[in-house]
Amino acid sequence: MNASNVRVLYIDDEDHNLQAFKASFRRQYEIYTANSASEGLKILENVPVHVIIADQKMPGTTGVEFFKSIIHTYPDPVRILLTGYTDIEALADAINHGDIYRYITKPWNDLELHNSIKNAYDAYKAKIDLRNKITELEKTNDELNRFIYSISHELRAPLVSVLGIVNLVKMEDLFHSSGEYWGLIETCSNKLDYYIQKTLQYYKNNKTASDQSQVDFKKLVSELIELYAYTDKNTKFLVNIDQQEVFIGDSFRIEVILGNLISNAIKYQKADEPDKKVNINISINSYHAEIAINDNGIGILNEHLEKIFTQFFKSKNQHGSGLGLFIVKEALTKINGKITVSSNPTDGTTFKITIPNAQFNKEA
Amino acid sequence: MLVDDSPVDLKINAKIISINDLAEHIILCKSAEAGLSHLRKHRDEVSELPELILLDIQMPEMDGFDFLEVYQNLPKNITGHSVVVILSSTLDFGDIQRAEANPSVLKMLKKPLQPAELRKIIDAL
């Protein structure tokens, strides 16, 4: 913006000050003058001013009082206070209550005042730019939220209908009627559904808002096992949960973490293992929840242990998405949890997790 | 009674229910409004009132939650015969919690409809 488009309002009860100001700056700025606070207010009502300069000592309303009075009605213009004497009280008041940008003593030095107005205008612009950016970001964020919501509905609903049809085909004994085609449709649909679910989990986890509610681990774990064991009834679950204390935490993220680990424990079983097992041990005290999930599945190669938490890491021969453990790790980071993993042929794979109990932190 | 805006899902779920012999009579409603008007129309014919309502959440104009709000205020001689089970494909945490918290909702089922889950509910009625 050209400097002459900067709109400056100068309020002073002494006419010759107003005249001198005009004479010095009329080439640089668009200048409005008023000889009282109420006159100044009239101008503010009609002109979107960028910078306001007010004299402190005026009959009736002082400069600081004027600035205080417009702090809510006109928060945007940047304020400069002019005063003929060093009035510490006015100065303190101005800084504390008037949201004042600069304090300049009279008689002013043209160059100093000019620089102050220039800087004040820059501050004004920065303030407005920031606000526009925030509005823009809020709009983008809003659109993204709506987009994600529509993915979870519009995209998934027809896919789930397809899975429903496949179920019907099975019930009507038609599943093997077209070679392996129905089976392939089912596999592809499940895979697509899995990706949609993981994408949503990842996105939701990225949002910072975290809710703090009571978590009943016994109930949560049994629900998750019911949910994921649906596809594989052969795996035995040995669950041991010791929860005497109330646990407060982010129930959504904890569900995501446990859900991914439990579904992995089921998914990565050895095909020929007659005694498929998953042990889940959870103990809760007032400081944290300690969770260990152990399975006797195919295990994780030593050289892979460090990579399994990175995005899109998949081991050869495995049909994972490379997202599950990445999401687990991201979710844990958000709630200040920790995870370690060990895997060997005799004990199988064990994930150990610690999640802080917000109950304790609240009391502290 | 099935309340769902998707004709495909109405067809699929009706078929799943009839193949598995889970209901004698299935009422198909293409919208929440249609469901409510069926209930109102047959307020005095107990034989026409559903014992189980399978309700979708995501529907245009009047959604499942809007349906529940009206349903709760229907006279007892209508609602006294029925239980409401949500049947939805939603993954939205907020929707799921809202559905489970609703006092008129017996249970929340996820699509695709699993006959075993529905049988459990019907057997318990």
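As a reminder, a disulfide is a covalent bond between the sulfur atoms of two cysteines. Please keep in mind that we are looking at a predicted model. A:Cys188 has 53% relative accessibility, so it counts as exposed, the cut-off being over 50%. B:Cys29, with a relative accessible area of 4%, is buried.

Next, the largest nonpolar core, which has 36 residues. The members that touch the most others are A:Phe217, A:Ile254, A:Leu258 and A:Leu261. Several elements of chain A each supply at least two residues to this core, among them helix H7 (217-228), helix H9 (324-334) and strand E9 (277-284). Which helix gives the most? That is H8 of chain A, with seven residues. Have a look at A:Leu261: beyond its neighbours within four places in sequence, it is in contact with residues including A:Ile293, A:Val328 and A:Phe351. There is also a second, separate core of 25 residues, and B:Val3, B:Leu36, B:Met62 and B:Tyr71 are among its members.

Strands of a sheet pair through backbone hydrogen bonds, either parallel or antiparallel. Here, five strands make an open sheet with parallel pairing, in the order E2-E1-E3-E4-E5. The edges are strand E2 (28-29) and strand E5 (105-110), each pairing on one side only. Five bridges connect E4 of chain B, residues 83-88, to E5 of chain B, and B:Leu87 stands opposite B:Leu109. Helix H3 of chain B, residues 64-72, packs on this sheet and touches E3, E4 and E5, with its direction at about 150° to that of E3.

Finally, some backbone details. Most residues other than glycine have a negative phi, and most peptide bonds are trans. In chain A, a cis peptide bond joins A:Lys106 and A:Pro107, with omega about -5°. In chain B, a cis bond joins B:Lys111 and B:Pro112, again with omega about -5°. B:Pro112 sits in the loop between E5 and helix H6 (115-124) of chain B.

And phi? B:Asp21 has a positive phi near 60°, and B:Glu61 has a positive phi of about 60°. Are they buried or exposed? B:Asp21 is exposed at 63% relative accessible area, and B:Glu61 is exposed at 77%.

Notes:
Residues numbered from 1 in each chain as written. Chains lettered and ligands numbered in written order. Predicted model: local features only at pLDDT ≥ 70, side-chain atom pairs only at ≥ 80, totals over all residues. Heavy atoms only, no water. Buried < 20%, exposed > 50% of the residue type's maximum accessible area, 1.4 Å probe, protein only. Core = buried A, V, L, I, M, F, W, Y, C linked by side-chain atoms within 4.5 Å. Helix = DSSP H or I, 4+ residues; strand = E, 2+ residues; numbered from the N terminus. Contact = heavy atoms within 4.5 Å. Pairing = 2+ DSSP bridges. Axes fitted to C-alpha atoms, helices over the stretch in contact; angles between N-to-C directions.
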